[in-house]
Amino acid sequence: MLLVLPVPFRQIDGNLYFEEQACNGLNRWSDSFAHVVVAAPVIPEHLAAGNTSVLWKPVSEIASRNSLTFVPLPWAYGLRAFTGQYRATRELLRERISKSGYLQFAIGGLVGDWAAVACLEAIRQKRRFAIHTDRVEHEVLLEVTKNASFPRRMKARLIAALMKPYHRYLIRRCSLGLWHGSDCYHVYSPWCRENHLIHDVHTRPEDGIDQTTLEAKLATVETAEKIRLCYAGRLDPMKAPLDWLKAVAVARDAGAPVEAVWFGEGSLREEAEAEVERLKLGDIVSLPGFLRDRAQLLARLRAAHMMAFTHVTPESPRCLLESLISGTPIVGYENKFATDLTLGHGGGSFVAIHDWEGLGRRIAELASDRKTLRELIREAATNGRRFNDAAVFAERSELIRRFC
């Protein structure tokens, strides 16, 4: 199978590195395909070094290394670089596509999106292929730039106006749409003949909260002095951390005994720290940055009573899945992804998007109604058992074999 991905490679001293969870995905694909060819752009070192929230792993240490081939592609997210590299890169993709039995492309942009170029080449060769994506990129772009400068907003509107019909053209010609989360499924499925709602999970079956730990967690809810809130993700406009902090302040002002922690780094770090100071949240909120040890992060998720979230774009954040797997209910802004995760299974409570005051009140209500909170925790743990990497990658592999 040929995978063309936006997740970048990194080169250090001639050695190739890949994002840690993406490495796990390659292992799971190798469970189902004899050989996997992975094509992805190589991130410039100054960008990689400045992003401390990515865990890089040498590709030589991937368990399935002997059944993998890596194809580095140019980093070409500027128009001049993209046009300059287009012909040679498309020729490289043409050769790889012609030699591959199965094709899967993770589109997600316009200029510099080699997965979309791979779709064009597969169409030219009259090949069947799958498209996979985890967010509605043209809508995300408009949302995250709505408060930007006028020139940047106009540029975003132009790019989004071009991106939407471009993606529609590609999706209408693919053989299989793999849409991570209901937001993607809702937008993209009308354009595709064969659609499947999927979940991109990298937690193993043994990573979920076990019954003994769950019962101990439930036993402490009634008597806990503080209700622990958490979030794990970038301090980024898509995640609306300033809304999150204001919701925590509302819960505190309502008398709720809460403490909250946000694990992650991002462009809004300084604004978030200023908001903590402005709202006088320093005694109950911590922003420790990116937690590199994944086992520690999962342990912190299991120890929390709620994952409060304030997502404002149509995406499918993996942290909500990991929270449910950890037996921690998801409480935040309503969106199709979150409601789909909990529909018929429970483990969540939602308010309207941008309603940070309502979210703060909901947190306070749950902090005072410990019986309901216990029920949500139990529902989250039961719900989360549906999700593990072995199950979801096996399902996707079977779909690709069937339709591509």
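**Ground rules**

I number residues from 1 along each chain as its sequence is written, and I use heavy atoms for side-chain values, leaving out hydrogens and water. Since this is a predicted model, local features need pLDDT of at least 70 and side-chain atom pairs count only at pLDDT 80 or more, while totals for chains, interfaces and linings use all residues.

**Entry 1: a sheet and a helix across it**

I looked up an open sheet of three strands and found the order β2-β3-β5, with antiparallel pairing. Its edge strands are β2 (9-12) and β5 (56-58), each pairing on one side only. From one strand to the next, the twist averages 40°. I take helices (H or I, at least four residues) and strands (E, at least two) as DSSP runs, numbered from the N terminus. Two strands pair if DSSP finds at least two bridges between them.

I then checked strand β3 (residues 15-19), which pairs with β5 in the antiparallel sense over three bridges. Phenylalanine 18 stands opposite lysine 57 in β5.

Which helix lies across β3 and β5? I found helix α1 (residues 20-32) there, running at about 90° to β3. For such angles, axes are lines fitted to C-alpha atoms, for helices over the stretch in contact, and the angles run from 0 to 180 degrees between N-to-C directions.

**Entry 2: aromatic rings**

I searched the whole structure and noted 14 aromatic pairs. Rings of Phe, Tyr and Trp (its six-membered ring) pair if their centres lie within 6.5 Å; planes under 30 degrees apart count as stacked, over 60 as edge-to-face and the rest as tilted.

One of the pairs is tryptophan 179 with tyrosine 188, which is tilted because the planes are at 40°, with the ring centres 5.1 Å apart. Buried means under 20% relative accessible area, exposed over 50%, and partly exposed in between (1.4 Å probe, protein chains only). Tryptophan 179 has 0% relative accessibility, so I list tryptophan 179 as buried. Tyrosine 188 is at 1%, so tyrosine 188 is buried too.

Phenylalanine 309 and phenylalanine 350 form an edge-to-face pair, 6.2 Å centre to centre and with 65° between the planes. This pair links distant parts of the chain: phenylalanine 309 is in strand β14 (residues 306-309) and phenylalanine 350 is in strand β16 (residues 348-351), 41 residues apart. Phenylalanine 309 is buried, with a relative accessible area of 0%. Phenylalanine 350 is at 16% and counts as buried.

I also found one aromatic cluster formed by Trp29, Phe33, Tyr102 and Phe393. Arginine 396 lies over the face of phenylalanine 393, at 4.8 Å from the ring centre. Arginine 401 lies over the face of phenylalanine 33, at 4.5 Å from the ring centre. A charge sits over a ring if NZ of Lys or CZ of Arg is within 6 Å of the ring centre and within 35 degrees of the ring normal.

**Entry 3: salt bridges**

How many salt bridges does the count come to? I noted 23, a salt bridge being a side-chain nitrogen of Lys or Arg within 4 Å of a carboxyl oxygen of Asp or Glu.

Arginine 28 and aspartate 389 meet in a salt bridge at 3.7 Å, N to O. Arginine 28 is in helix α1 and aspartate 389 is in helix α16 (residues 389-403), 361 residues apart, and the pair links distant parts of the chain. Both arginine 28 and aspartate 389 are buried.

With glutamate 265, arginine 269 meets in a salt bridge at 3.0 Å, N to O. With glutamate 273, arginine 269 meets in a salt bridge at 3.2 Å, N to O. Glutamate 273 and arginine 269 both lie in helix α10 (residues 269-278), four residues apart, about one turn of the helix.

Is arginine 269 buried or exposed? I found arginine 269 buried, at 14% relative accessible area. Glutamate 265 is partly exposed at 25%, and glutamate 273 is partly exposed at 39%.

I noted a network of salt bridges linking Arg90, Glu91, Arg94, Glu121 and Arg124.

Arginine 294 is in helix α11 (residues 294-303) and counts as buried at 19% relative accessibility. Leaving aside neighbours within four places in sequence, I found arginine 294 in contact (heavy atoms within 4.5 Å) with Gln21, His202, Thr203 and Glu322.

In helix α5 (residues 137-144), I listed Glu137, His138, Val140, Leu141 and Glu143 as buried. What covers these buried residues includes α6 (150-172) and α7 (182-188).
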